[in-house]
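Please look over the sequence and the fold below.

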Amino acid sequence: MIDWLTGTAFTVAGTGTTRAELLGFATGVLNVWLVARQRIANWPVGIANVLLLMLLFWTAGLYADAGLQVVYVVLGLYGWWAWRYGGERRSRLTVRRTSRREWWALGLAGVALTGALWALLDRATDSTVPLPDALTTALSLLATYGQTRKRVESWWLWIAADLIYIPLYAYKGLYLTAALYLIFLGLCVLGLREWRADLRRGAGATRAPSGPAPVAA
């Protein structure tokens, strides 16, 4: 099965595209679209996607990204549960803003993760891109955690990560994956708009007065 997935499906500009990359492209687009639409099916689709990407990144020498996919599986299972039962009284989650305390925690975690991964990749692997690999790994983890909690600002973290991922994957010869992340970037903008609109609807419902509606004259 692994040999079939790592086999060449077609060639672009003299560079082979594997079946794992092709399937990762399809499941990745579907996954981000489902997240933007707040469909809980995004989590099982996302788990399938990261397993494919794990294989792809390992063979390309992007070791931090490959290891990141293992964490994504865990976060995917947690997100699946949290979206269904993580709200008040085990209800479905609703979109919320990231609090100041959460931002501080995310910022400190991001700096620590980036530094630790950069040092690890630089000293313990043959990675040719240790800093961008580490930075995108940290951003992606923080963004995924934010999405498990339905924090609207998680889309900004994904946008920042995608802006680095696109040239990084092109540099590594993963042209289809670079194109995939260009699509992801557009879907992230869509997701940000959708979630912000949902947040405004929720705020409007909260401000709406209770009691019977006024009778028109």
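A helix crossing is called left-handed if the near helix is turned anticlockwise from the far one by less than a right angle, and right-handed if clockwise. Helices (H or I, at least four residues) and strands (E, at least two) are DSSP runs, numbered from the N terminus. This is a predicted model, in which local features need pLDDT of at least 70 and side-chain atom pairs count only at pLDDT 80 or more, while totals for chains, interfaces and linings use all residues. Residues are numbered from 1 along each chain as its sequence is written, and side-chain values use heavy atoms, with hydrogens and water left out.

Start with the overall plan. The chain holds eight helices and two strands. Along the sequence, they follow the pattern α-β-β-α-α-α-α-α-α-α. The chain has 217 residues, and 45% of them count as buried. Buried means under 20% relative accessible area, exposed means over 50%, and partly exposed lies in between (1.4 Å probe, protein chains only). Contact means heavy atoms within 4.5 Å. Of the contacts in the chain with a separation of 6 or more, 66% join residues 24 or more positions apart.

Now take the helix pairs. Axes are lines fitted to C-alpha atoms, for helices over the stretch in contact, and angles run from 0 to 180 degrees between N-to-C directions. The axes of α2 and α3 come within 8 Å and cross at roughly 150°. That makes α2 roughly antiparallel to α3. Angles under 35 degrees count as roughly parallel, over 145 as roughly antiparallel, 65 to 115 as roughly perpendicular and the rest as oblique. The crossing of α2 and α3 is left-handed. Among the residues that make this contact are Gly-24, Gly-28 and Leu-34 of α2, and Gly-46, Asn-49 and Leu-53 of α3. The residues of the α2 contact with α3 comprise 10 nonpolar, seven polar and one charged. Here Ala, Val, Leu, Ile, Met, Phe, Trp, Tyr, Cys and Pro count as nonpolar, Asp, Glu, Lys and Arg as charged, and the others, Gly among them, as polar.

Move on to α5 and α6. Helix α5 (residues 100-124) packs against α6 at an angle of about 145°, with the axes 8 Å apart. The crossing of α5 and α6 is right-handed. The contact includes Leu-113, Leu-117 and Trp-118 of α5, and Ala-138, Leu-142 and Tyr-145 of α6. The residues in the contact of α5 with α6 divide into 14 nonpolar, three polar and two charged.

Helix α6 also packs with α7, at an angle of about 150° and with axes 8 Å apart. That makes α6 roughly antiparallel to α7. The crossing of α6 and α7 is left-handed. Among the residues that meet are Leu-135, Leu-139 and Gly-146 in α6, and Trp-155, Ala-161 and Tyr-165 in α7. The α6 contact with α7 has 13 nonpolar residues, seven polar and one charged.

Gln-38 lies in the loop between α2 and α3. Its phi is near 60°, a positive value in a residue other than glycine. Gln-38 is partly exposed, with a relative accessible area of 23%. Lys-150 sits in the loop between α6 and α7. Lys-150 also has a positive phi, of about 55°, although it is not a glycine. Lys-150 is buried, at a relative accessible area of 6%.

Gly-191 is in helix α8, and at 0% relative accessibility it counts as buried. Not counting residues up to four places away in sequence, Gly-191 touches Ala-36 and Trp-155. Gly-202 is also in helix α8, but Gly-202 is partly exposed, with a relative accessible area of 34%.
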